[in-house]
Amino acid sequence: MLRRRVLTLLTIVLLIGIPAGYLVISAGQSRDSGRDKERESSVVGLQNNWPSQMKRRVFEIPIPTGAWHVAYYETSNWKTSRLYVHFTTTAAGLDTFLADSGGSRAALKPGEVTVGSRDADIVGWNFTPDRAWSGVTVTRERPRPHTDITVDLTDPAFPHVYVVSTTSP
């Protein structure tokens, strides 16, 4: 009789207790995830951090390993999503970035700023004429993103890269 009650209690714990515990833990994690996403989407302006690997993949922005002063900002609406990124890298890092982005250093047009003034105003970038700007636009077939890349080559050993990647569903 005692053995049967213990087996019944064990069965109840296994069938009800474990799934209930799992649901409580899962609900807590889901709520925390929602808070993180809410906190990130409420940020206005550049965040001094690397964008997530998923964002870099979706917007096709392969920030080179070892880049520093990385900052990003994402905007989204029903029609278009944009990811703004800037970073500093080495000359070799720039070559790697351009190759991985679908461009090349030879494709950079000296004196050209490909990031539009509207986009620059959104994140507070200022492309003054006293710098050595070069730019390239990487156009891909939809639904892949369209990418504007502007590089400050004033110090060619440590270029500053400004990227706006735009995608439409």
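**Cores and salt bridges in the predicted model**

In this predicted model, the largest nonpolar core has 20 residues, and the members touching the most others are I61, F87, F97, I149 and V161. Six elements put at least two residues each into this core: strands β1 (68–76), β2 (81–88), β4 (133–138), β5 (146–152) and β6 (160–167), plus helix α3 (91–101). Nonpolar side chains in soluble globular proteins do tend to be buried together.

Setting aside neighbours within four places in sequence, I149 contacts F97, L98 and S101, then T114, then S134, G135, V136 and V138, and finally V161, Y162 and V163. A separate core of 10 residues lies apart from the largest one, with V115, A120, F127 and V164 among its members.

On the charged side, the model holds 7 salt bridges. One of them pairs E74 with K55, with 3.0 Å between the closest N and O atoms. That pair ties together distant parts of the chain, 19 residues apart: E74 sits in strand β1 and K55 in helix α2 (residues 53–58). K55 is buried at 11% relative accessibility, while E74, at 29%, is partly exposed.

D119 takes part in two of these pairings. With R82, the N to O distance is 3.5 Å, and the bridge spans 37 residues, from strand β2 (R82) to helix α4, residues 117–123 (D119). With R118, the closest N and O atoms are 3.4 Å apart. D119 itself is buried, at 9% relative accessible area, whereas R118 is exposed at 51%. Elsewhere, E60, R140 and R144 join up in a salt-bridge network.

Note on methods:
Residues are numbered from 1 along each chain as its sequence is written. This is a predicted model: local features need pLDDT of at least 70, side-chain atom pairs count only at pLDDT 80 or more; totals for chains, interfaces and linings use all residues. Side-chain values use heavy atoms; hydrogens and water are left out. A nonpolar core is a set of buried Ala, Val, Leu, Ile, Met, Phe, Trp, Tyr and Cys residues joined through side-chain atoms within 4.5 Å. Buried means under 20% relative accessible area, exposed over 50%, partly exposed in between (1.4 Å probe, protein chains only). Helices (H or I, at least four residues) and strands (E, at least two) are DSSP runs, numbered from the N terminus. Contact means heavy atoms within 4.5 Å. A salt bridge is a side-chain nitrogen of Lys or Arg within 4 Å of a carboxyl oxygen of Asp or Glu.
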